[in-house]
Amino acid sequence: MLARTIQRFSAVAQRGYAAAAAAPVKNANPEELRLTFASPDTAVFSNAVVKQVDVPTLAGMVGVLANHVPTIGVLKPGVVAVTTNEGTVQRLFVSSGTLSVNIDGSCQVLAEEVLKIEDIDESAARAELESAQKASGEGSEVARAEAQIRAEVAEALIKAATNQQ
């Protein structure tokens, strides 16, 4: 019994350990807003210098500029607008996720799903909204809650596709 336990622990001792995390990169210019905007399958911006980011959160729309106070937020379905230093605005739909503005001046928008506004199928979103609204009054409490979430996302998709706020 003791020999078996010693064998197991010696196998554990042979495992490798993770390397120490790299030192955090300090923002070279605190007057810059560095944006990382990504989803699990897409990196839209990776530590890019931008002028402004407008993000839909549960607390309302949050506009982030350089030197913004550190913030954490939860994204709600809607449109994230990124204004580049050249003045162009890129608008992308997000389903949900998180926002963090860090003390070093960097900003991360991490979304579950990101979709270009022009790729939204308005008729499919309207069909999903109708289906979700029907389902929101039926079934278990969990099924009704899931239907309400589907309806909220579908409504936000329709607003984004029709350029409504």
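## Helix pair and nonpolar cores

In this predicted model, helix H2 (residues 122-135) and helix H3 (residues 141-161) have axes that come within 8 Å and cross at roughly 155 degrees. Because an angle over 145 degrees counts as roughly antiparallel, H2 is roughly antiparallel to H3. The crossing of the two helices is left-handed.

On the H2 side, the residues that meet H3 are Glu-122, Ala-125, Arg-126, Glu-128, Leu-129, Ser-131, Ala-132, Gln-133 and Ala-135. Their counterparts in H3 are Arg-144, Ala-147, Arg-150, Ala-151, Ala-154, Glu-155, Leu-157, Ile-158 and Ala-161. Sorted by class, the H2 contact with H3 has 10 nonpolar, two polar and six charged residues.

The largest nonpolar core has 19 residues, and Leu-35, Phe-37, Val-53 and Val-109 touch the most other members.

Leaving aside neighbours within four places in sequence, Leu-35 is in contact with Phe-45, Ser-46, Asn-47, Ala-48, Val-50, Val-53, Val-82, Cys-107 and Val-109.

Another core, of 13 residues, lies apart from the largest one. Its members include Phe-93, Ile-120, Ala-125 and Ala-132. Ala-125 and Ala-132 are also among the H2 residues that meet H3. In soluble globular proteins, nonpolar side chains tend to be buried together.

Definitions and conventions: Residues numbered from 1 in each chain as written. Predicted model: local features only at pLDDT ≥ 70, side-chain atom pairs only at ≥ 80, totals over all residues. Heavy atoms only, no water. Axes fitted to C-alpha atoms, helices over the stretch in contact; angles between N-to-C directions. Helix = DSSP H or I, 4+ residues; strand = E, 2+ residues; numbered from the N terminus. Parallel < 35°, antiparallel > 145°, perpendicular 65-115°, else oblique. Left-handed = near helix turned anticlockwise from the far one by under 90°. Contact = heavy atoms within 4.5 Å. Nonpolar A, V, L, I, M, F, W, Y, C, P; charged D, E, K, R; others polar. Core = buried A, V, L, I, M, F, W, Y, C linked by side-chain atoms within 4.5 Å. Buried < 20%, exposed > 50% of the residue type's maximum accessible area, 1.4 Å probe, protein only.
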